[in-house]
Amino acid sequence: MTQAPSIDAVQKMLGEQGYVCGRALATVVFLSLRLGRPLFLEGEAGVGKTEIAKAIAAALGRRLIRLQCYEGLDAASAVYDWNFPAQMVAIRTAEAAGGADRGALQTELFSDDFLIERPLLQAMRPDPAGAPVLLIDELDRTDEPFEAFLLEALSDFQVTIPELGTIKAPEPPIVILTSNRTREVHDALKRRCLYHWVDYPDFDREMEILHARAPEAAETLSRQVVAFVQTLRTEDLFKKPGVAETIDWAKCLLALDVIDLSPEVIADTLGAILKYQDDIQKLQGSEAKRILDQAKASLEPA
């Protein structure tokens, strides 16, 4: 079953997979599963858009099929390809044997035996465990022609291979599309989906996430880490750290046996939370101490 009985059940289901989400996101996931509609998630990189697809697949016991988008991705690359080396071997073998029927050979060459299935075609195939979860990740990296192709694929849940005909999914896959909003995705595609903006979590939510993903971190250190990252996001940075960076940083600090944040520790581990040299440069010297002092002050009782 892809239908969760309630929104609360969705929150619990995802929580059991280590994915902590608010009621708004749980609601749109619930509706996507109940109505069989694709789910379109937008937000900054590192806020958990990709992770929710993994959590849904794990919670439902479904196969996760990921199509990682990139500039220049076309329909053929996303759907199928032919195994040309194997086809050439089959042709040479037929020629060596002699007397091969040309029509029969062509039928054999363009059969399932030589077909390489890409993510979209894989998602259309029947699966004993049920319809898979199809993650179309970072759609904003592709070009508009690919978006136009997706309109048909996601409307009818079918793809066409000229040599084999149309292949239709016996049960529509659970589709999740993500975008980091490096460009606007066309409205026609968004209208076919349920939409949700995944924002940075507040302090309490990020603490819940850190407890779920790095439970070995001490409470004091976890609070300092989250407070520092939350304060850092208010700074003028080229790329603000996401939740993924919060988790990575906490794990790095644990590996170094850190029990209390200090400007020196922050300077040594900035590469875990900031990924651009210009941003790292801004936190050199007294800046890290200023932000740390501000973060610790926010933790003090009013």
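1. Please keep in mind that this is a predicted model. I would begin with strand β5, residues 133-137, where 5 of the 5 residues are buried, so the strand is largely enclosed by the rest of the structure. The side chains are divided between two directions, with V133, L135 and D137 pointing one way from β5 while L134 and I136 point the other way, and all of them are buried.

2. The pairing of β5 involves two further strands. Strand β2, residues 64-68, runs parallel to β5 and is joined to it by 5 bridges, and within this pairing D137 of β5 is the bridge partner of Q68. Strand β8, residues 174-179, also runs parallel to β5, the two being joined by 4 bridges, and here I136 has L177 in β8 as its bridge partner.

3. Which elements each supply at least two residues of the lining of the largest pocket? They are the helices α2 (23-35), α3 (49-60), α10 (203-213) and α12 (243-255), together with strand β9 (194-197). The largest share of that lining comes from α12, which contributes 4 residues.

4. The second largest pocket has a volume of about 260 Å³. It is lined by E44, A45, D140, R141, N180, R181, T182, F238, K239, K275 and Y276, and by class this lining has 6 charged, 3 nonpolar and 2 polar residues.

5. My last point concerns I273, which is found in the loop between α13 (263-269) and α14 (277-282). Leaving aside residues up to four places away in sequence, I273 touches F228, L232, P241, E245 and W249. As for D236, it lies 37 residues from I273 in sequence, and the two are 15 Å apart in space, C-alpha to C-alpha.

Technical notes: Residues are numbered from 1 along each chain as its sequence is written. This is a predicted model: local features need pLDDT of at least 70, side-chain atom pairs count only at pLDDT 80 or more; totals for chains, interfaces and linings use all residues. Side-chain values use heavy atoms; hydrogens and water are left out. Contact means heavy atoms within 4.5 Å. On a 1 Å grid over the protein atoms alone, a cavity is a set of points where a 1.4 Å probe fits but cannot get out, and a pocket is an open set with protein on both sides within 12 Å along at least five of seven lines; lining residues have an atom within 4 Å of a point. Grid points are joined across faces, edges and corners, and a volume is the space filled by probe spheres set on the points. Ala, Val, Leu, Ile, Met, Phe, Trp, Tyr, Cys and Pro count as nonpolar, Asp, Glu, Lys and Arg as charged, and the others, Gly among them, as polar. Buried means under 20% relative accessible area, exposed over 50%, partly exposed in between (1.4 Å probe, protein chains only). Two strands pair if DSSP finds at least two bridges between them.
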